[in-house]
Amino acid sequence: MTTWDADRILAESAKWHWIPPGATEVETDQIHLYVNAGAATLIRADPDPDPAADPAADPDPAASQGAGTGTAAELAPEGAGADSTPDTEDATRRLIMKVADLARRHGADRVMWGVGPDPRPANLLDVLQALGGEVTVTLDVCAYDLTTGLPTIPVPEGVTAGPVATREDTGAAMRVGAMVWGGDEPTDAEIDKQYDNLGDEPGLFLARHADEPAGSGGYTLAGPVARLWGAGVLPALRGNGAYRALVAARLRDAVARGVTLALVHANVGTSAPILRRLGFTVYGQRQIVTLLIR
């Protein structure tokens, strides 16, 4: 049986990436990102092993002309190409410039950069913020070792949750998700497609309060790991146990499939405190930094 220590849990967290349907995926030897709705989300950006020896790392000076203050178009450091190591400010700026240039060439006007728990380069967050990057979301890397059994999660009477199995529940879960996360109301065609794709693999779950749709979320299998994602509850029904019911239902389903670790990237201001109360452990934090590049 798998033993889950902090290093293994953080390694599983680092491997967790999702690319939305319809996004443009871009990958080079050094950089991997996707562009969706004008935002480039970074998956991987490897520091140069020896920035001073890489003349291609120097940005085109013409690229920064006419750029607005605080954008990545202005990030070229003076003396680029001077002696430096991967964690110097100049080297980190060069890496950011490479990412910004690649994202801009694929239609993005901003980059969403996940930093932590063990960033490479180590000074990445400081340099991004110095260049105008803003921390827009902070996530706790939360996990629960299911080899010890399921946590005790109290769910009030009248609150239920489970995997969607009908078209009605599929539509309800999608509509709740759109209302919680600010998306568009799903069309009949989108609901049909989601319902038609239901199968043996885990997917959407729906929580109900007094038989009314209250919350939705899902999880994905990654070997012995359940990646819990997208759980949210309608504002008017928060505090009534729907989120806890979604956690409990997904964990029960995952354990029945042989999963031994539940992993969540949880917002520090909303779901993370609830998960800690349910017995999840926080193993690190991840900041999502938004950097304008127009």
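Two strands pair if DSSP finds at least two bridges between them. Strands (E, at least two residues) and helices (H or I, at least four) are DSSP runs, numbered from the N terminus. With that in hand, take E5 and E10: 7 bridges join them, and they run antiparallel. One facing couple is aspartate 145 and leucine 261, the latter in E10.

This is a predicted model, so local features need pLDDT of at least 70, side-chain atom pairs count only at pLDDT 80 or more, and totals for chains, interfaces and linings use all residues. Residues are numbered from 1 along each chain as its sequence is written, and side-chain values use heavy atoms, with hydrogens and water left out.

Now widen the view to the sheet. Strands of a sheet pair through backbone hydrogen bonds, either parallel or antiparallel. Here 11 strands form an open sheet, with mixed pairing. Their order is E1-E2-E3-E4-E11-E5-E10-E9-E8-E7-E6. Strand E1 (24–27) and strand E6 (159–163) are the edge strands, since each pairs on one side only. From one strand to the next, the twist averages 25 degrees. Helix H4 packs on the sheet and touches E7, E8 and E9. The direction of H4 makes about 85 degrees with that of E7. Such angles run from 0 to 180 degrees between N-to-C directions, and the axes are lines fitted to C-alpha atoms, for helices over the stretch in contact.

Walk along the sheet from E2. Strand E2 (residues 31–36) pairs with E3 in the antiparallel sense over 6 bridges. Asparagine 36 has alanine 39 in E3 as its bridge partner. The hairpin of E2 and E3 has 2 residues between the strands, and alanine 37 there takes a positive phi near 55 degrees. Next comes a parallel pairing: strand E3 (residues 39–45) and strand E4 (residues 110–115) share 3 bridges. Alanine 39 stands opposite arginine 110 in E4, and threonine 41 stands opposite methionine 112 in E4. E3 is mostly covered, with 5 of its 7 residues buried. Buried means under 20% relative accessible area; exposed means over 50%, and partly exposed lies in between (1.4 Å probe, protein chains only).

Move on to E11. E5 and E11 run antiparallel and are joined by 9 bridges. Cysteine 142 has valine 282 in E11 as its bridge partner. Arginine 286 also lies in strand E11. Why does arginine 286 count as buried? Because its relative accessibility is 19%. Arginine 286 touches Gly114, Val115, Gly116, Val137, Thr138 and Leu139, not counting residues up to four places away in sequence. Contact means heavy atoms within 4.5 Å. The side chain of arginine 286 also reaches the backbone oxygen of glycine 116 at 3.0 Å. Leucine 292 lies in strand E11 too, which spans residues 281–292. Leucine 292 counts as partly exposed because its relative accessibility is 32%. Leucine 292 and arginine 110 are 182 residues apart in sequence, yet 4.3 Å apart in space, C-alpha to C-alpha.

Finish with the rings. A pair of aromatic rings is described by the distance of the centres and the angle of the planes. Rings of Phe, Tyr and Trp (its six-membered ring) pair if their centres lie within 6.5 Å; planes under 30 degrees apart count as stacked, over 60 as edge-to-face and the rest as tilted. How many aromatic pairs does a search of the whole structure find? There are 2. Tyrosine 144 and phenylalanine 280 form a tilted pair, 5.5 Å centre to centre, with 55 degrees between the planes. Tyrosine 144 sits in strand E5 and phenylalanine 280 in the loop between H7 and E11, 136 residues apart. Both tyrosine 144 and phenylalanine 280 are buried. Phenylalanine 205 and tyrosine 219 form a tilted pair too, 5.8 Å centre to centre, with 45 degrees between the planes.

Methods:
Polar contact = N/O pair within 3.5 Å; in protein donor to acceptor, adjacent residues only side chain to side chain.
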